[in-house]
Structures are given as structure tokens and as C-alpha cells.
Amino acid sequence: MSDCGRSSGPRWRSRSSPWSVSPIEAGRPPWIALALTFSFGFYGLVKKKAGASAVEGMAVESATMAPVAVIAIVVMALQGHSTVTGHGLGYLAIVLLSGPITAVPLLLFGSAATRISMTTLGLLNYIAPIMQFVVGVTLFHEHMSSMRWAGFGLVWIALVLFTWDGLARRRRVVTPDVAASAV
């Protein structure tokens, strides 16, 4: 058993559950990863095409999700599964502060999504997974099978080629403009 780099806390077994095997290794498509990729990409596209300010977008999103959240809280409370009010004022304060703490990055994302190209936005979406990967491998000593390293390498090769192509296209567009302005 591996202790994920910690001296206490839960212990995890390598390959003890279907979640520890990549979907490709298991012989099926990575449906969750694909759903997250397309849903977040679609979210970014809608944010960009809506043209609303970050605050307006946040207001619409909050108004859309608030009734769902209230219903979920009420249903969980009626079933006796609510943790919001059952763990004291400190816990309640943390839950209430999680909204504003979460809103700041979402406002920044909404503001940026309307100002930068979808290509740049897509590349920036690789930052969080890269950070999670580094933490998983370095701090929690997660096992990386050869299949995972191959997939990781393919993604990075694709990103390098994509970035190189984008830079080459930009140079071709900028170069004629510079030559024309010199005349």
C-alpha cells in the first residue's frame, strides 16, 4: 500500500479500483474527460459570444444556479444529510465565504474570455491540469504507467506543434505589415 506521501490519513491502494486505471488502458473512451472538455469549451465559447461583462455574466449564472442550489440544500436537509448547519458556526462561515472566494476567479475568467482569442483561452486551460499533475507526481508520488506517460507526451507534442504553428502564422501576418509600413 502507498500512503500518497503522507504519514497519516487515508491509505490508497494502487490499481485497487477502476478509477485508478486510465480509460484507454481499460479499453473504453474517457467519457468523463471528454464531457468536461467539451462542456468547459462550450462554456468559454458562450461567454465569449454573449459579449456580456464579467459581472453581468456572473449575475446571470448565479440567478440560474441559485434555485438549483436552494432546492439541493432543502432536499438534503429534509433527508438529514445537510452539513451546512450541523457543524457549528465556523463551518457555516466557511460555506458562506466559499461563494465570494469562488466568484473572484470566475469574474476574472469571464472578463478575460471576452478579451482574448479562443485559441489563447484554450491553451490557458492547460494550467490547472498541469499543476494537478505536478502535485500528484511530486507530492503524492502517484504512479505513472507507461500508457499515462505516452498520453502525456502526445498531449505535449500536440501543444508544442499547435503553439509553433500559431507563432509561425503570426510572424507571417506581422512580417508583411512591418514591410508595408517601412515603405
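**Figure 1. Order of elements along the chain.** From the N terminus on, the elements run α-α-α-α-α-α-α. The secondary structure comes to seven helices and zero strands. This is a predicted model. The protein has 183 residues, and buried residues make up 9% of them. Take the contacts in the protein with a separation of 6 or more: 59% of these join residues 24 or more positions apart.

**Figure 2. Packing of helix α2 against helix α4.** Helix α2 covers residues 31-50, and helix α4 covers residues 88-113. The two pack at an angle of about 65°. Their axes lie 8 Å apart. The crossing of α2 and α4 is right-handed.

**Figure 3. Residues at the contact of α2 with α4.** On the α2 side are Phe40, Tyr43, Gly44, Lys47 and Lys48. They meet Phe109, Gly110 and Ala113 in α4. By class, this contact of α2 with α4 has four nonpolar residues, two polar ones and two charged ones. Lys47 and Lys48 of α2 are the charged pair.

**Figure 4. Where the lining of the second largest pocket comes from.** Helix α3 spans residues 54-78. Both α3 and α4 supply at least two residues each to the lining. The largest share, nine residues, comes from α3. By class, the lining has 10 nonpolar, five polar and one charged residues.

**Figure 5. Loop residue Thr83.** Thr83 sits in the loop between α3 and α4. Is Thr83 buried, exposed or partly exposed? Its relative accessibility is 32%, so Thr83 counts as partly exposed. A second residue in this view is Ile73, 10 residues from Thr83 in sequence. In space, Thr83 and Ile73 are 9.2 Å apart, C-alpha to C-alpha.

**Figure 6. Loop residue His141.** His141 is found in the loop between α6 and α7. Helix α6 runs over 127-139, and helix α7 over 146-182. Most residues other than glycine have a negative phi. His141 has a relative accessibility of 52% and therefore counts as exposed. The cut-off for exposed is over 50%.

Notes: Residues are numbered from 1 along each chain as its sequence is written. This is a predicted model: local features need pLDDT of at least 70, side-chain atom pairs count only at pLDDT 80 or more; totals for chains, interfaces and linings use all residues. Side-chain values use heavy atoms; hydrogens and water are left out. Axes are lines fitted to C-alpha atoms, for helices over the stretch in contact, and angles run from 0 to 180 degrees between N-to-C directions. Helices (H or I, at least four residues) and strands (E, at least two) are DSSP runs, numbered from the N terminus. A crossing is left-handed if the near helix is turned anticlockwise from the far one by less than a right angle, and right-handed if clockwise. Contact means heavy atoms within 4.5 Å. Buried means under 20% relative accessible area, exposed over 50%, partly exposed in between (1.4 Å probe, protein chains only).
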